[in-house]
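The structure comes before the notes.

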Amino acid sequence: MEGLNALNTPCFIIDKAEFLRSVTGFKEALGNCFSDYIVGYSVKTNSFPYCLCLARNQGCYAEVVSDDEYELALKCGFKKECIIYNGPMKSKESFVDAIVNGAVVNIETHRELEWLVSLPKDQTYNIGLRLNVNISNVSPEDAQSSNDNSRFGFSDDTDEFRNAIDFLSKLDNVRLSGLHIHRTSHGRSIRFYTNSIRYACEIIKHYGLQLDYLDVGGGFFGIFDNKPTYQQYSDSFKEVISSYGMEGLQIIVEPGNALVASSFSFLSEVIDVKHIEPNRWFITTDASRNDIDPFFRKTSYMYDLLSSNDGEVVDEQIVSGCTCLENDRLFTITHSPLLRVGDRILYKNVGAYTMCLTPLFIRYFPEVYVMDGNDCHLVREKWTSNEYLQNNVIV
């Protein structure tokens, strides 16, 4: 903690050891259950290049959902055959390139089915198909509504999935090699994954599909107390798959939150203290809810107050951000010593989606540091107007 005083604020801090612990933990859990598996790092969850390179060095694939992320993964050193390509925002060029070069490509849209026709005819290509998962039907106990449906994948509740299967069967140079069943439930329960995989196995059995892999997707808890562990998730996968005699399937997981949430912290500093009402103070910091809660949904945060102040105890302090938004208020402290300018606040578990969704509003992207043992070094400089203006025309 003492070393944090030397860092410029605001800034993100990556705990390298924690990140590696999450990656190796999931790999070890799957390895205890399956001879063939892939851990795909969810690029959309945190596309910070340093993390992509760490994941690559640990043998992870890059799970991407657009041609921009596909290009980013390549520039971060992932081989094309070590990329999982999902989602509706593929470009035709990158879609064909990924398939031809052996990436795991899961078809999401009808236009992708049509694009298959343009593949070269000189070899056979493997593709996957995303199956629509309505949680209300598949795992009712985990549904958030009476119809917790999904806009992703091809539905077997209509003719969509069957029609996709029929279309693929008419292409001599294309083989359906996998199913993708990614869907995140609010509770992230083991039961949900058990039921989802059972549903996929029933579909495989019903259509007599001869597949190489089952892509379970993501949405898992990370390493937290009193939550399902990577091993418990993996054990549940194995139990269901074994019950259907499908042990030969390669298992693919695409964790995002599980790998990066606990690996990131955000450090801020108090820049002003205002006594607004008799029993209330506003504490202005150089952070913002944009940095750690870009949806402005959270009602509480995990944080440490880095203050040696043991002075005046006040009734209420509202810790706020640096923007001009009135609702940029983070949390309230009651009956505690009054914070002072220069005191610092460290927010924990802020690695999932925050960096990708932080807007360029009022100030630009902050510095990022990595903690590697006792060493701390800068891995991204703060953006300035120079970065903001890049590729723009000034008239």
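Phe-26 is buried, with a relative accessibility of 0%; buried means under 20% relative accessible area, exposed over 50%, and partly exposed in between, with a 1.4 Å probe and protein chains only. The model is predicted: local features need pLDDT of at least 70, side-chain atom pairs count only at pLDDT 80 or more, and totals for chains, interfaces and linings use all residues. Residues are numbered from 1 along each chain as its sequence is written, and side-chain values use heavy atoms, with hydrogens and water left out.

**Aromatic pairs**

- The whole structure holds 19 aromatic pairs, where rings of Phe, Tyr and Trp (its six-membered ring) pair if their centres lie within 6.5 Å, and planes under 30 degrees apart count as stacked, over 60 as edge-to-face and the rest as tilted.
- One of them is the stacked pair of Phe-26 and Tyr-230, with 4.4 Å between centres and 15° between planes.
- Phe-26 belongs to helix 1 (residues 16-31) and Tyr-230 to helix 9 (residues 230-243), so this pair ties together parts 204 residues apart in sequence; helices (H or I, at least four residues) and strands (E, at least two) are DSSP runs numbered from the N terminus.
- Tyr-230 is buried, at 6% relative accessible area.
- Phe-220 and Phe-237 make a tilted pair, 6.1 Å centre to centre with 55° between the planes.
- Phe-220 sits in the loop between strand 8 (213-217) and helix 9, and Phe-237, 17 residues away, in helix 9; both Phe-220 and Phe-237 are buried.
- A cluster linked by ring pairs contains Phe-26, Phe-192, Tyr-193, Phe-220, Tyr-230, Tyr-233 and Phe-237.

**Charges over rings**

- Arg-188 lies over the face of Phe-221, 5.7 Å from the ring centre; the criterion is NZ of Lys or CZ of Arg within 6 Å of the ring centre and within 35 degrees of the ring normal.
- Arg-297 places its charged end over the ring of Phe-295, at 4.5 Å from the centre.

**Salt bridges**

- There are 18 salt bridges in the whole structure, each a side-chain nitrogen of Lys or Arg within 4 Å of a carboxyl oxygen of Asp or Glu.
- Glu-71 and Lys-75 form a salt bridge with closest N and O atoms 3.3 Å apart; these residues are four apart in helix 3 (residues 67-75), a separation of about one helical turn.
- Glu-71 is partly exposed at 42% relative accessibility, whereas Lys-75 is exposed at 67%.
- Asp-148 bridges to Arg-183 with closest N and O atoms 2.9 Å apart.
- Asp-148 is in the loop between helix 6 and helix 7 and Arg-183 in the loop between strand 7 (174-180) and helix 8 (190-207), so the pair ties together parts 35 residues apart in sequence.
- Asp-148 is buried at 11% relative accessible area, and Arg-183 is buried at 14%.
- Glu-269 and Arg-344 form a salt bridge, the closest N and O atoms being 2.8 Å apart.
- Glu-269 lies in strand 10 (residues 264-277) and Arg-344 in strand 15 (residues 344-348), so the pair ties together parts 75 residues apart in sequence.
- Arg-344 is buried, at 9% relative accessibility.
- Glu-277, Arg-280 and Glu-316 are linked in a salt-bridge network.

**Cysteines**

- The whole structure has zero disulfides, a disulfide being a pair of cysteine sulfur atoms within 2.5 Å.
- Cys-53 is in no disulfide, and its nearest cysteine sulfur, that of Cys-76, is 4.5 Å away.
- Cys-53 is partly exposed, at 24% relative accessible area.
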